[in-house]
Amino acid sequence: MIVSATDLPSDPELVAAWCGGDELAAAQLVRRHAAALTRYLAGAGAASSEVEDLVQETFLKAFRGLSGWRGGGSLRGWLFRIASNLLKDRFRQSKGRVFLEINDQDLPDHSDPAGELAASEAEQQLREGLSRLPHMQREVFLLRVQQGMEYTDIAGVLGTTPGAARVHYHHAVKRLKEWMG
Amino acid sequence: MIDCSELSGRMPDVIAGRSEWSAEEARHLTECDVCAAEWRLVRIGSVLYAGREVATERMVQDVLVRLRAGEPVALVPRLSWRKFAMGLAAAASVALAVWVPNRAHQSAVMALPARLGPVLPNLSNVTDEQLYRISLANAGHLADGVPGTVPHLGGLTAADLEQLSSLTETR
């Protein structure tokens, strides 16, 4: 039996089920958003060894305070907000160090070895460029490009205005283009 | 004429599937070096860490275990700062509503002796005879409505009330 996307329960439905004590709903929410959070945190400069822990912390904090989520915004945006704040706390603890690591598992799997190498080099360059950006520019770029979010949602995640998010994005793109030559 | 900045703003939307290039725009992206560089950057950025494996099922289990073991989950909506502020404001307005009339009443009471000072003599040094004369002199005035001169009817018996009403009727 094929289940279409429209048959799947929405985030608000799963949240309501979880609030009613349904653990399976919580599990489904983790499955739905874990990969996006992982990519975001890795791109935002979390140490590779800490990414999974941060994702778990994000879910725990979210599940323990779902009343803080206003159903009007997207749950994913709210999760990103929690993740971003947790990452900021970690940065404070590590005195602002941004981690830049590269593992084989992080690289995209391409069938063309030359293309794979070029892609991995470009991605590595981008990671280095991102690590040199101020955190707002880095996070706006990731949310906009990697996560495909609109400026309004980005502003909600980062606690800024859509206009400011747009400015951060353009600064980030300008710097990254210069960095990548 | 293609506007490079307009294309730049739409690049993430095209990647996310919310927009698409026209044939002319697609051609521009291959001919304009500035746009081509940015388009490449955005495409690489869109797949950044896409190959990173996530042990989702293990994470699900870990999260559930930690949820069960941890502090009780706040299923009852907690008081947000906004609700707290609204509650505080409501409480303050109620307190003000009660306090201000009390203050007014209090100041009226405080002002009473000053207001009545010239009217009521200092009775402590008054002799019984003087007191009797004063009471006679003020009897009519006091009966006009100064508190304390109105008889307290709650203490009267049914017989007293009957007698009082018959006296009033005869007058």
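Q: How many aromatic pairs does a search of the whole structure find over all chains?
A: The search turns up 6 aromatic pairs over all chains. Keep in mind as we go that this is a predicted model.

Q: What makes the pair of Tyr40(A) and Phe80(A) edge-to-face?
A: Look at the angle between the two ring planes, which is 70 degrees, with the centres 4.8 Å apart. Planes over 60 degrees apart count as edge-to-face, and centres must lie within 6.5 Å to pair at all.

Q: What is the arrangement of the rings of Trp21(B) and Trp39(B), and why?
A: Their planes stand at 80 degrees and their centres are 5.3 Å apart, so this pair is edge-to-face. It links distant parts of the chain, 18 residues apart: Trp21(B) sits in the loop between helix H1 (4-15) and helix H2 (23-31) of chain B, and Trp39(B) sits in helix H3 of chain B. Both Trp21(B) and Trp39(B) are buried.

Q: How do you know that the charged end of Arg127(A) sits over the ring of Tyr49(B)?
A: One part of the test is distance: CZ of Arg has to be within 6 Å of the ring centre. The charged end of Arg127(A) is 4.0 Å from the centre of the Tyr49(B) ring, and it does sit over that ring. There is a second example in chain A, where Arg144(A) lies over the face of Tyr151(A), at 4.5 Å from the ring centre.

Q: Why does Tyr49(B) count as buried?
A: The cut-off for buried is under 20% relative accessible area. Tyr49(B) has 5% relative accessibility, so it counts as buried. You can find Tyr49(B) in the loop between H3 and helix H4 (56-69) of chain B.

Q: Are Cys4(B) and Cys32(B) buried or partly exposed, and why?
A: Cys4(B) has 30% relative accessibility, so it counts as partly exposed. Cys32(B) comes in at 17%, so it counts as buried.

Q: How do you know that the length of helix H3 of chain B agrees with what it should span?
A: Helix H3 (residues 33-46) of chain B has 14 residues and, at 1.5 Å a residue, should span 20 Å. Its end C-alpha atoms are 20 Å apart, so the two values agree. The buried residues of H3(B) include Cys35(B), Trp39(B) and Leu41(B).

Q: What makes Thr38(A) a buried residue, and which residues does it touch?
A: Its relative accessible area is 4%, so Thr38(A) is buried. Thr38(A) is found in helix H2 of chain A. Leaving aside residues up to four places away in sequence, Thr38(A) touches Val51(A), Val55(A), Arg52(B) and Val54(B). The C-alpha atoms of Thr38(A) and Val55(A) are separated by 6.4 Å, although the two are 17 residues apart along the chain.

Q: How many helices and strands does each chain have?
A: Chain A has 8 helices and 0 strands, and chain B has 7 helices and 0 strands. Of the 181 residues of chain A, 47% count as buried; for the 171 residues in chain B, buried residues make up 20%.

How values were computed. Residues are numbered from 1 along each chain as its sequence is written. Chains are lettered from A and ligands numbered from 1 in the order in which they are written. This is a predicted model: local features need pLDDT of at least 70, side-chain atom pairs count only at pLDDT 80 or more; totals for chains, interfaces and linings use all residues. Side-chain values use heavy atoms; hydrogens and water are left out. Helices (H or I, at least four residues) and strands (E, at least two) are DSSP runs, numbered from the N terminus. The expected span of a helix is 1.5 Å times one less than its number of residues. Buried means under 20% relative accessible area, exposed over 50%, partly exposed in between (1.4 Å probe, protein chains only). Rings of Phe, Tyr and Trp (its six-membered ring) pair if their centres lie within 6.5 Å; planes under 30 degrees apart count as stacked, over 60 as edge-to-face and the rest as tilted. A charge sits over a ring if NZ of Lys or CZ of Arg is within 6 Å of the ring centre and within 35 degrees of the ring normal. Contact means heavy atoms within 4.5 Å.
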